Amino acid sequence: MAERDDWLPARLLPTVGARGQEEQEKRATSVLLAVMHAVPEFGHALLHELGAPRSPRIDTYTEVRFKRADKAVIPDGAIVCERATKAWTCLVEVKTAGAALRAEQVGAYLDVAREHGYAGVLTISNDITDGCDRSPLAIDGRKLKSTKLWHFSWWQIITEAIVQHRHHGISDPAQAWILGELIAYLDSSASGAGGFEDMGPSWVAVRDGAPNRALRAGDPGVRDVAIRWDQFVQYLCLGLSQDLAKRVTQVHPRKQDPRARVEAVSHRLASDGVLEATIRVPNAAGDVVVRADLRARKTQVAVAVQAPLEGKPTTRVGWLLRALTDARPDLLLSAHFPNARQPITATLDQVRDNRETLGYPPDPKRSPRDFTVALVRSMGGKRGRGAGSFVSDTRAQVFDFYRDIVQELRRWQAKPPRLPDVPEDVAEAPTADPPPFVAAEAREVGSAIDVASRPSTDSG
């Protein structure tokens, strides 16, 4: 059967023959909405974030038509969830590949949704945002007073499909197979439903301008790279979520909206030549910090953990070394000390040879407050996703670091206090009789209780 090795499996949802942007979008819309209807567990997992009710079935439609002022308005699709006497409806607008959502078009769909009392409009494209309530479009706020606007990236949809299929499990085998076919379809480049493609047309100019300190926060190219970086971090979070079946998120100030975050990234990039983000994995020993230094052409992935609160300084370093028994020797370890401006840094190989390498020279008895473990590599320079690119190399570095280091680390925990051991002569000594006066009192109390408990003989 060796000849079968080169045969392509028959697919329920083939990508063969898809030609042109319009046909690609129609196929992607129909395929996704049909699977949401056929596999309700997957459909409800997506729609739960939009506040849709968990209805017995999900009805989906494509190319729904409305008339407004003698003009046809045709959203790509619609989703209806009916429960009891209420119907929850949202219109759907889909873009694939590099096609961009248009604010004017989505605004018209919001008007239609408001006029018909629908819940809102869902947009789907390759634009990655940090939540379904974060739209890549700037929409007039007056249109959103009574109607919601949501957004899913195709990468987020693929992530939810993989989590449901691989980790949570679909109860019906036929439905599980259908969901697997959707994953295979969206995973094909021909579907136009990809992840994060590249760092954009301004990447090379910004990368080369950073070492010369020639960047300005207001430059369009700097802002474009800042936007791409924010999307790339979300791409990393969703990729980790696919493999871990846990919601991995980017950490940023609570009140910082996406626009303010892009401004902050732009200023840091222009002033320091650095792109930095913090990623949080549930129950991990610490947050993962990804730092790309465009001036040094180095990318660093690091995690900080609290040092033990007891033991000598070298004993606390030993605790960290035991956690890194199988780690690569070129890892950078840093010890941070109270009231010290700079940490003490050495390679793992150096610390293995001498634990005092991470000691505090002015005061060897001073104990570290926390440790940082970091993996540093040369930065990929290309803008795309191939070998040697920034996207591919950084993604591999983050996943390697999490797999080899972060998931093996445990937070330090003090041992519970112990009771003193009981001496053998005490443990084996016979129980002594109570003193005479204690025994007498016990007899008196017992007699009183016995008298009180007797039934009364007084007939009066």
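Predicted model: local features only at pLDDT ≥ 70, side-chain atom pairs only at ≥ 80, totals over all residues.
Trainee: Is Arg297 buried, partly exposed or exposed?

Mentor: Arg297 lies in the loop between β10 (288–293) and β11, and its phi is near 55°, a positive value in a residue other than glycine. Buried would require under 20% relative accessible area and exposed over 50%. Because the relative accessibility of Arg297 is 34%, this residue counts as partly exposed.

Trainee: How are the ring planes of Phe196 and Phe232 arranged, stacked, edge-to-face or tilted?

Mentor: The search of the whole structure finds 11 aromatic pairs. For Phe196 and Phe232 the ring centres are 5.5 Å apart and the planes stand at 50°. Planes under 30 degrees apart would count as stacked and those over 60 as edge-to-face, so the pair is tilted.

Trainee: How many residues apart in sequence are the parts that this pair of Phe196 and Phe232 ties together?

Mentor: Phe196 counts as buried at 3% relative accessibility, and Phe232 counts as buried at 0%. Phe196 lies in the loop between α5 (173–187) and α6 (203–209), while Phe232 belongs to helix α7 (residues 220–244). The parts that the pair ties together are therefore apart in sequence by 36 residues.

Trainee: Leaving aside neighbours within four places in sequence, with which residues is Thr394 in contact?

Mentor: Thr394 is found in helix α11 (residues 390–404), and at 1% relative accessibility it counts as buried. Its side chain reaches the backbone oxygen of Phe390 at 2.7 Å, but Phe390 is within the four places that your question leaves aside. With such neighbours left out, Thr394 is in contact with Phe232, Val290 and Thr299.

Trainee: How far from the centre of the ring of Phe399 is the charged end of Arg395?

Mentor: The charged end of Arg395 sits over the ring of Phe399. A charge is counted in this way if CZ of Arg is within 6 Å of the ring centre and within 35 degrees of the ring normal. For Arg395 the distance from the ring centre is 4.2 Å.

Trainee: Against which elements do the buried residues of α9 pack?

Mentor: Helix α9 (residues 313–323) has among its buried residues Arg316 and Trp319, and both of these are touched by Pro308. The elements against which the buried residues of α9 pack are β11 (298–306), β12 (332–336), α10 (348–353) and β14 (370–378).

Trainee: Which residues lie nearest the centre of the largest pocket?

Mentor: The largest pocket has a volume of about 610 Å³, and α7 and α8 (258–272) each supply at least two residues of its lining. Of the 19 residues that line the pocket, those nearest its centre are Ser135, Pro136, Leu137, Pro258 and Arg259.

Technical notes:
Residues numbered from 1 in each chain as written. Heavy atoms only, no water. Phe/Tyr/Trp six-rings, centres within 6.5 Å; stacked < 30°, edge-to-face > 60°. Helix = DSSP H or I, 4+ residues; strand = E, 2+ residues; numbered from the N terminus. Buried < 20%, exposed > 50% of the residue type's maximum accessible area, 1.4 Å probe, protein only. Polar contact = N/O pair within 3.5 Å; in protein donor to acceptor, adjacent residues only side chain to side chain. Contact = heavy atoms within 4.5 Å. 1 Å grid on protein atoms, 1.4 Å probe; cavity = no way out; pocket = protein on both sides within 12 Å on 5 of 7 lines; lining within 4 Å. Points joined across faces, edges and corners; volume = space filled by probe spheres on them.
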